[in-house]
Amino acid sequence: GTRDSPSITGTLKLANAEFQDYPRGLRITAIAADGEFKGKTLEIAQFTGRAGGGTITGKGTIDLLGSGLPVNLTIIARNAEPISADAFHANLDADVTVTGSATSRLVIAGKVTVRRGESILPNSLPPQVTSINVVRPGEATALRPSASESDVTALDLTISSSGLFFVRGRGLDAELEGSVHIGGTVSAPLVTGGFEMRRGSFDLGTTTLNFTSGKVSFDGTSLRSRLDPALDFVAETMSGGYTARLEISGTVSNPKVQLTSTPTMPQDEILAQLLFQQNVKQLTAVQLAAMGQAAAALGGFGTGLNPLASIRKTLGLDRLSVVSGANNQSELEAGKYVTRNIYVGAKQGLSGTPQAEVQVDLTKNLKAKATVATGATATVAQGAQQQDSGSSVGLSWQFEY
């Protein structure tokens, strides 16, 4: 062609490339692409990459001589784990488009479904560092780009999860579901929506409290120019005509823990009701010590150190915790979701019989749970089998709403 109207022909081939962003935990390996130059357009016939155990594929066109370098790309992710860091990792499916002008304004839009994810709350957040403009005598002042010049990538993404999205850390262990919308730009994202708790617990000293409700929500604003979701978790127990509640509110960067009750009780009485469903005057010396440890944990928003967390992660489990069982006895619970709505686990107390549990989520609020207990003291349900050793196997079903 001519200088004013060139015609480009040829092919482009990329093989065995890798992209890594260590600060964000982003990694894509085995990147390959085939492209063809057709006059003024680069047509990407195929793009593939590995992200964990899944794949990322794409195709599209780039107008090399068009005004602003027009881009039209489609990206598909299946069972991909592009982000895997200490603070966050996720397995996801995605259908995303990248359109617009590469030199003025791109739009990234589409849907992302989190198949399984985990977010770890840090024990403490780093202090905000203020950048100070330093101008030396004799040097020209650098011009800052305007918002229209720097914010060239707009976002229109919907991220959803139907379960198996866990938020853990600082004593909190919760499974969430819901969706958020990310708008705004890459440098100033605007996030709205939230996630509601399917189940959750809070480690309070030597005791684990089960939450009755919970929510993590985004209102579009951010604190100190960073995303800062709001927390709303409630653990509640009723005993002796009193209702005691532990509430976690505020934001991830500034959480607040509050003890309330109906009717109103002193803080130590509320804590005693939450932990032991007893009056402070009825507590033993061991229970008083445990309550003191729980009060100290509340001062730091959770226990901070959880030795079971690393074991759970190493074993690949979704749950591994010490819970309060029958007669207020401690039990070790371990289990994993074999599918999105089927959980298989086991419980074992210090003196009780081992129990196997299968839980099926029929709807958002309705669950069917089957429990199998073995041992000489197992409760034998209808159809249970008697073993030669004299022990028994008991099977029971229950529905929870």
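**Reading hairpins and a buried serine**

User: Which residue in the hairpin of E1 and E2 takes a positive phi?

Analyst: Gly 25 does, with phi near 70 degrees, and four residues lie between the two strands of this hairpin. The model is predicted: local features need pLDDT of at least 70, side-chain atom pairs count only at pLDDT 80 or more, and totals for chains, interfaces and linings use all residues. Residues are numbered from 1 along each chain as its sequence is written, and side-chain values use heavy atoms, leaving out hydrogens and water.

User: How many bridges pair E1 with E2, and in which sense?

Analyst: Strands are DSSP runs (E, at least two residues) numbered from the N terminus, and two of them pair if DSSP finds at least two bridges between them. Here E1 (residues 8–21) and E2 (residues 26–39) are antiparallel, with 11 bridges.

User: What joins E2 to E3?

Analyst: Eight bridges do, and E3 (residues 41–51) runs antiparallel to E2. Ala 33 stands opposite Phe 47 of E3. One residue separates E2 and E3 in their hairpin.

User: Is Ser 101 buried or exposed?

Analyst: Buried means under 20% relative accessible area, exposed over 50%, partly exposed in between (1.4 Å probe, protein chains only). Ser 101, in strand E6 (residues 88–101), is buried because its relative accessible area is 12%. Val 358 of strand E19 (residues 355–361) has 34% relative accessibility, so Val 358 counts as partly exposed.

User: Which residues does Ser 101 touch?

Analyst: Contact means heavy atoms within 4.5 Å. Leaving aside residues up to four places away in sequence, Ser 101 touches Gly 68, Leu 69, Pro 70 and Leu 106. The Ser 101 side chain also reaches the backbone oxygen of Gly 68 at 2.5 Å.

Key. Polar contact = N/O pair within 3.5 Å; in protein donor to acceptor, adjacent residues only side chain to side chain.
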